[in-house]
Structure formats: structure tokens, C-alpha cells
Amino acid sequence: MVSRVIPVDTFDLVIFGGTGDLARRKILPGLFRRFCAGQMPEDARVIGAARAEMSADEYRSFVADAIREFGGGKSCDDGTLEAFQARLEYVTVDAMGDDGWPEMVKLMDGRDVVRAYYFSVAPSLFGDLASRLHKWELTNDQTRIVVEKPFGRDLVTAKALNASLAEHFDESQIYRIDHYLGKETVQNLMAVRFGNMLFEPLWNSQYVDHIQITVAETVGVGGRGDYYDRSGAMRDMVQNHLMQLLCLIAMEPPSKFDPDAVRDEKLKVIRALDPVAPHHVVRGQYDASGDGPGYREAVEDPRSRTESYVAMKVGISNWRWAGTPFYLRTGKRLVTRSSEISVVFKELNHSIFGEKQDHRNTLSIRLQPNEGITLNVTIKEPGPGGMRLVDVPLDMTFAEALGEDAEDPPDAYERLIMDVIRGNQTLFMRGDEVEAAWAWTDPIIAGWEARGDVPKPYESGSSGPGDAVQMLARDTRVWREVKP
Ligand code: NAP
């Protein structure tokens with residue numbers, strides 16, 4: 001299969017926070033891979049911006065080091081790296097003052113190209129950056145801003161952030177990144193749902209028993225303890241990533257694959273979510289077993305009540321989903337790193353093969369590792385001896401089915417940054433979506449705080465607290481095994 005690289009308009013991409021962790025690990029290596037793939041127009045530039053004093057040449061070496069550490073792509077080599085370095089510029093600039101802005105103006109002057117400003121800085125600086133870009137007249141009619149998570153810590157702060165951006169930018173210029181939406185499989189989920197006759201007629205509570213969404217990590221909070229302890233799994237993962245996955249699974253078919261049509265449908269799902277009863281949530285905190293510190297040691301607060309794990313049963317009150325539970329779970333220091341959505345279909349009403357056998361179709365969408373989609377179907381076990389049934393996977397692992405192209409798909413950040421340059425907001429969260437997600441999340445967190453809820457300890461390297469298993473057992477269901 002021949003890889004198709006769709007050209008984009010030429011651009012200046014300014015990365016505020018161009019020396020930070022995210023820029024080093026994701027944004028810059030991602031841009032380099034797009035460069036290697038031939039997707040960066042000839043006079044496109046990447047401009048790092050931060051307070052650190054650095055010459056453009058020093059920044060070029062800094063970026064080369066980051067790329068060597070965090071990876072180029074198959075078609076990248078040292079020669080390409082040098083050519084990419086020639087596209088890099090750097091400006092010393094302070095988001096909170098006027099230092100460095102005249103230099104930024106000089107650098108951007110006279111270039112009538114797409115201007116993308118990536119705010120890879122703390123959210124407390126978003127408003128300052130937006131107003132300084134405006135004050136220094138650094139915007140043109142092709143300007144976009146990209147903002148990172150966390151987008152607020154509750155409804156009030158999210159509204160304030162939205163308002164501070166809206167003072168200077170139209171919603172059509174604001175790209176709120178959720179990198180889960182940039183994953184190949186997540187987009188494939190939409191292709192599978194809406195590009196096949198097979199699934200959509202069955203995609204409702206009449207045929208779907210339940211849906212599970214799992215995002216399991218093996219790592220602990222690491223060096224992010226301070227940030228994480230103020231946030232927890234609910235704010236850090238559920239409100240954004242799991243919510244977005246749930247929306248894509250549950251939404252009605254949009255009339256077309258267009259940014260607002262898709263986002264309108266996602267918003268309707270969030271607004272139809274039921275409030276979550278306390279006994280439908282399990283919070284956990286990993287302990288010191290295994291080879292690392294426990295959560296409380298890692299965040300240096302022996303009494304921390306922040307959850308590193310959350311599992312919940314969620315209902316959607318609409319015509320399509322009433323009666324079909326969605327079970328969500330995410331956590332750190334779990335047995336394996338795995339993100340998966342499973343659509344578990346109902347059992348047959350009647351089996352013609354005699355004794356009742358528990359065979360059900362399950363559609364599993366794996367986000368990581370080994371992105372792919374598997375459909376479990378029931379067939380006859382080969383050989384003589386009567387009609388014995390067995391479940392086998394119809395595996396649509398992309399690397400096998402699509403060959404080389406699928407082995408090295410663009411990383412989520414690469415894809416999303418190119419969407420920004422193209423001006424395609426389909427895979428970015430709209431302000432009202434983010435606010436609706438917080439409006440649903442806030443009462444759950446407020447309930448924990450009011451009740452003084454203490455997360456259940458769970459063993460590091462396990463599959464989470466036993467209470468989460470009990471929660472499904474009460475519904476006579478089981479969590480799918482978390483596989484590497
Ligand atoms: P970081 O490593 O602390 O980097 C922050 C960057 O901002 C540095 O380049 C810093 O450089 C710059 N900066 C700080 N104050 C500034 C100011 N007043 N004016 C201009 N530049 C300033 O943070 P990060 O981990 O890269 O995270 C950046 C954003 O992405 C945050 O919103 C974070 O929540 C989000 N995010 C990060 C990750 C991740 O994996 N790291 C994942 C998801 C989301 P100077 O100090 O030299 O100015």
C-alpha cells in the first residue's frame with residue numbers, strides 16, 4: 001500500500017514552552033517525523049519560545065538532542081535532521097511580561113502564512129499568552145491556538161479559561177488537544193461504526209449488553225506527584241480521555257464527518273449522562289508493594305486521599321442506550337499497560353445447539369499497545385464429535401492487515417498538529433464539550449469530598465481494587481482481562 005502524504009499550507013508554528021517536557025518528548029519529535037514524511041512545506045518554520053536565554057543555534061542542538069532521545073521515524077536519518085534543524089528558530093519571551101515580544105514580531109513580520117501558536121505551558125499562562133498575541137498584533141486571519149490539558153480543574157475554572165481565550169480568539173481558532181483523539185484506532189472506531197453496514201444496526205441497548213472502557217497504566221505518578229495529587233484519576237483521565245472515548249462510542253451518527261456535526265453529537269452524549277450514584281464508583285490508591293513507592297510516598301503526603309484508580313458504572317439516558325451500562329476504569333501501577341474499548345453484545349435469545357453456552361460477540365478496539373480491532377465470533381470447533389462451539393477472534397490488527405504503512409502510523413501528536421495546520425477541528429474538543437464534561441464530573445468529586453471518601457488501597461502490579469470486581473459482579477458481569 002502506498003502511503004499518502006497530504007500536503008498542507010505553509011506555516012509558522014510557535015511552541016510556547018518549546019523547551020519543556022512535552023515539546024521535547026512529543027511535539028518536536030512528532031514534527032520531525034512529519035518533516036521526514038515530506039509533509040512540511042519548504043518554507044514552513046518551527047519556532048521555540050520560552051524564557052530561557054538561548055540562541056537559535058543552541059535551540060537547534062537542543063531539539064536535535066530531543067529527537068535523538070525520543071525518536072525519529074523510519075524515513076528519518078542524520079541528513080534529514082540537519083535539514084529539519086534549518087527550519088528551527090528560537091525567541092526568548094516571557095508570557096507574563098513584554099520581554100522578547102518585539103523580537104517575536106520581527107520574526108513573524110511579513111509572512112502571510114498559517115500561524116499556529118501552541119500553548120505548551122501551564123494553563124495559568126493561557127490568558128496571558130492570548131492577550132499578548134493580540135496586543136503585539138501577532139495574529140492574522142489564519143491564526144490558530146493550540147491548548148493542552150488540563151483544561152481547568154472544574155467547571156468554574158474551565159469557564160474562566162474559555163472566557164480568557166474567547167476575549168481574543170474565536171472558537172473556530174481554538175484547538176483543545178486531547179491526544180487520545182489523535183490515535184489511529186480512535187478514528188478507526190468511527191470508520192468501523194459509520195463505514196460498515198454491519199455494526200450500526202446493532203449499536204444500541206437492544207443488542208449491546210454493556211460496554212467497557214479501560215485505560216490501564218503500569219507507571220506510577222513518577223515526577224508528576226505534585227500535579228497529580230491535586231488532580232487524581234477522575235480529573236486527569238476520566239473527565240477528558242475516557243469521556244471522549246465514551247462519546248465516540250455512544251454518539252449518534254453525525255450527518256457528515258465535519259467538525260461541528262461530530263462535536264454536536266458528542267456534546268449530546270455528555271448531556272445525557274446520568275448522575276453517578278456513590279455505589280457505582282470505586283476509587284483506589286496503589287500501595288507500596290512491588291518495586292516502587294506507594295502512592296502516598298510518591299506524592300509525599302501520607303494522608304493523601306487522591307485516587308490513582310477509578311472504576312465506575314455510567315448510564316446514558318437516551319433512546320439508544322437506556323439500560324446498557326458503560327463501565328469505565330483507569331488507573332496507575334496496574335498489571336499491564338493497555339487501553340481498550342469493548343462492546344459486549346447480548347447472548348442469543350435461543351441456542352439451537354442444545355445446552356446453553358455463554359458465547360457472545362465482543363468487538364474490542366485496542367488503543368495501545370498493538371492498535372487494532374478484534375471481533376470475537378462463535379464457530380464450530382474443528383473435528384468430529386458433534387457441534388461444539390468455540391469463540392475465535394476476527395483480528396483486524398492494522399500492522400498485519402495493512403502492511404508497512406500501519407506499522408509506523410503517525411503518532412497522535414503528529415496527526416493532530418497537522419490537523420491544526422489544515423484548520424480541521426474535528427478531533428479537538430469544543431469549549432461547550434469541556435464545560436459539559438466538568439458539569440457532570442464536578443458533583444461526583446464534590447460527593448467524595450463531602451463524604452470524606454478514602455480510596456481503597458490496591459496492590460501495585462495488580463488489576464486494581466477488589467471492590468471494582470464486586471461492582472460488576474453485582475450486575476453478574478466481569479471485567480475483561482487486561483492483557484499486555
Ligand atoms: P514543563 O516541562 O514545565 O515546561 C514548561 C515550559 O514553559 C518550559 O519551556 C518553560 O520554559 C516555559 N515557560 C514557563 N513559564 C513561562 C513564561 N512565563 N513565559 C514563557 N514560557 C514559559 O511543562 P510540560 O510538561 O512541557 O507541560 C506543558 C503543558 O502541557 C502543561 O499545560 C501540561 O499540563 C501539559 N501537558 C504535558 C504533558 C507531558 O507529558 N509533559 C502531557 C499532557 C499535557 P522557561 O522556564 O525557560 O520559560
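The points below go from the sheet to the domains and then to the ligand.

1. First, a reminder that this is a predicted model. Its open sheet has 6 strands, ordered β3-β2-β1-β4-β5-β6, with parallel pairing. β3 (88–92) and β6 (174–176) each have a single partner strand, so one side of each is left without a neighbour in the sheet. On average, neighbouring strands are turned by 20° against each other, direction ignored.

2. Within the sheet, have a look at β1 (residues 11–16) and β4 (residues 114–119): these run parallel and are joined by 6 bridges.

3. On the domains, the assignment for the protein chain gives domain 1 as 11–148 and domain 2 as 181–411 + 427–473. Their C-alpha centres lie 34 Å apart.

4. Which residues come nearest to the ligand? Of the 21 around it, they are T19, D21, R25, R51 and V121. α1 gives the most to this shell, with 3 residues.

5. A backbone N or O atom of G20 is 3.1 Å from a ligand oxygen atom, and a polar backbone atom of V121 is 2.7 Å from a ligand oxygen atom. For A95, a backbone N or O atom lies 2.8 Å from a nitrogen atom of the ligand. Taken alone, the ligand exposes 880 Å², and the protein buries 74% of that.

Notes: Residues numbered from 1 in each chain as written. Predicted model: local features only at pLDDT ≥ 70, side-chain atom pairs only at ≥ 80, totals over all residues. Heavy atoms only, no water. Pairing = 2+ DSSP bridges. Helix = DSSP H or I, 4+ residues; strand = E, 2+ residues; numbered from the N terminus. Axes fitted to C-alpha atoms, helices over the stretch in contact; angles between N-to-C directions. Domains from an automatic or database assignment. Near = heavy atom within 4 Å. Polar contact = N/O pair within 3.5 Å; in protein donor to acceptor, adjacent residues only side chain to side chain. Areas by Shrake-Rupley, 256 points an atom, 1.4 Å probe, with all protein chains shown as cover.
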